[in-house]
Amino acid sequence: MMNKRIVFTGGGSAGHVTVNLALIPRFLQQGWEVAYIGSTTGIERELVSRLDGVRYIGIATGKLRRYFDWKNFTDPLRVGKGAWQAYRFLAAWKPAVVFSKGGFVSVPVVFGAWLNGLPVVLHESDLTPGLANRLSLPFAAKVCATFPDTLQHLPKGKGTHVGAIVRDELKTGRKEAGLALCGFSPDKPVLLVMGGSLGARRLNEAVRGTLDALTKRFSVVHICGKNQLDNSLKRDGYRQFEYVQDELPDLLAMTDLVVSRAGSNAIYEFLQLQKPMLLVPLSRAASRGDQILNARSFEQQGFCEVLEEEALSADSLIRALDRLQQKRPAITEKLRAASEKQQDALAQVMAIIEETAR
Ligand SMILES: CC(=O)N[C@H]1[C@@H](OP(=O)(O)OP(=O)(O)OC[C@H]2O[C@@H](n3ccc(=O)[nH]c3=O)[C@H](O)[C@@H]2O)O[C@H](CO)[C@@H](O)[C@@H]1O
């Protein structure tokens, strides 16, 4: 009989941990033993430490940089060390299955699982697979995808479209609690600015460059990223946070409109909660362009307005928000219909993992 042990991996940014955070409590409830292999220092360590009953194994990691850094010479050694640590843990603990959400820490874990003969399930939440998942693909039995179009980028038969996995707690927020936390009036619409889990300097600058105009129309709650607070801008109707955890459901509950990066988890959360959004995808200069594809796909489906980073300024932001306001009834209708049609992705992914486990 199969044992009920599962290893999760994934990290580097919150987007590579969120899906795991949604799945882990369900597996624990069903009597599985859960271990998480992540880096010793990444955001995954802190996020996973908030869950009871999960064993955390920190391994050495390296990073693929597209620029010169002395670490580019030592990182391959660290990755080798991390792969050995992951291999040894998996060989000793013998889980029935490994679930990987991607991010650079996951590649040596997936490879170590394959060497141990353990089945691997991957999850891809962007429209096109990221580098870590592309490297992991040959060693995986199955891939769960958030976007239907992702299947075209996967080997035939390996991919299943499951839809978006959204943490249950995000739907439990209370508007009044959010307003009280921010000291906002109930009479003004609320604009949430979210720069992705790592913040977004350009987006922050544009928002702050037009703060007077914005706060005339909206109460603005701004999640700006670590070390990005600007206390000189403190005023009524403008509240900044570096990053939020327990408060997020309440902040979302009070939100009428969103300006956000186009990280896939965040945008599907807004879809599910039916928040009309203005998306400012991370540019090709700063990324592989995955957010541009995510945002364009949402735009084609009528869920959002898109403003590309090259065109982003204080002025263009205000104009794009005006367009969003005008289109709001139509967008809200599309979001309502789409969120009602969302499949139970959590249940589907769990079924795929259980089928694959041995
Ligand atoms: C810079 C970068 O590489 N970005 C990638 C990263 O984005 P990023 O890490 O920003 O990921 P997402 O936008 O997909 O998800 C962010 C997650 O963090 C949560 N959250 C965010 C802010 C906060 O204060 N509190 C909080 O809990 C959101 O609710 C969401 O669940 O992974 C995504 C999914 O692979 C990719 O699409 C993005 O391109």
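How many aromatic pairs does a search of the whole structure find? The search finds 13 aromatic pairs. The structure is a predicted model, and the legends below describe several close-up views of it.

**Figure 1. Phe8 and Phe99 form an edge-to-face aromatic pair.** A pair of aromatic rings is described by the distance of the centres and the angle of the planes. For Phe8 and Phe99, the centres are 5.6 Å apart and the planes make an angle of 65°. The pair joins distant parts of the chain, as Phe8 belongs to strand β1 (residues 5-9) and Phe99 to strand β4 (residues 97-100), 91 residues apart. Phe8 counts as buried because its relative accessibility is 0%, under the cut-off of 20%. Phe99 is likewise buried, with a relative accessible area of 0%. Ring pairs also link Phe8 and Phe99 with Phe27 and Trp32 into a cluster.

**Figure 2. Phe111 and Phe139 form another edge-to-face pair.** Here the distance is 5.4 Å centre to centre, and the angle between the planes is 70°. Phe111 lies in helix α4 (residues 106-115), whereas Phe139 lies in the loop between α5 (131-136) and β6 (142-145). This pair, too, links distant parts of the chain, 28 residues apart. Are these two residues buried or partly exposed? Phe111 counts as partly exposed because its relative accessibility is 35%. Phe139 is also partly exposed, with a relative accessible area of 23%.

**Figure 3. Seven strands form an open, parallel sheet.** The strands follow the order β3-β2-β1-β4-β5-β6-β7. At the edges stand β3 (54-59) and β7 (159-161); each has a single partner strand, so one side of each is left without a neighbour in the sheet. From one strand to the next, the twist averages 20°. Six bridges pair strand β2 (residues 33-39) with β3 in the parallel sense. Within β3, Arg55 is the bridge partner of Ala35. Helix α3 (residues 71-93) lies across β1, β2, β3 and β4, and runs at about 170° to β2. Helix α13 (residues 345-356) lies across β1, β4, β5 (120-124), β6 and β7, and runs at about 180° to β6.

Figure 4. Strand β12 (residues 277-279) pairs with β13 in the parallel sense over three bridges, and Leu278 stands opposite Glu305 in β13.

**Figure 5. The largest nonpolar core contains 59 residues.** In soluble globular proteins, nonpolar side chains tend to be buried together. Which residues of this core touch the most other members? They are Leu191, Val221, Val259, Met277 and Phe298. Helix α12 (residues 314-341) gives the most to the core, with eight residues. At least three residues come from each of domain 1 (5-166 + 343-357) and domain 2 (170-341). Not counting residues up to four places away in sequence, Leu191 touches several others, including Leu214, Phe218, Val221, Val259 and Leu321. Another core, of 31 residues, lies apart from the largest one, and among its members are Val34, Val54, Val97 and Leu346.

**Figure 6. The protein is divided into domain 1 and domain 2.** Domain 1 comprises residues 5-166 and 343-357, and domain 2 comprises residues 170-341. The C-alpha centres of the domains lie 28 Å apart. To the contact between them, domain 1 contributes 21 residues and domain 2 contributes 20 residues.

**Figure 7. Ala320 is found in helix α12.** Ala320 counts as buried because its relative accessibility is 0%. Leaving aside neighbours within four places in sequence, Ala320 is in contact with Leu278, Glu305 and Leu307. Between Ala320 and Lys341 there are 28 Å in space, C-alpha to C-alpha, and the two are 21 residues apart in sequence.

Methods. Residues numbered from 1 in each chain as written. Predicted model: local features only at pLDDT ≥ 70, side-chain atom pairs only at ≥ 80, totals over all residues. Heavy atoms only, no water. Phe/Tyr/Trp six-rings, centres within 6.5 Å; stacked < 30°, edge-to-face > 60°. Helix = DSSP H or I, 4+ residues; strand = E, 2+ residues; numbered from the N terminus. Buried < 20%, exposed > 50% of the residue type's maximum accessible area, 1.4 Å probe, protein only. Pairing = 2+ DSSP bridges. Axes fitted to C-alpha atoms, helices over the stretch in contact; angles between N-to-C directions. Contact = heavy atoms within 4.5 Å. Core = buried A, V, L, I, M, F, W, Y, C linked by side-chain atoms within 4.5 Å. Domains from an automatic or database assignment.
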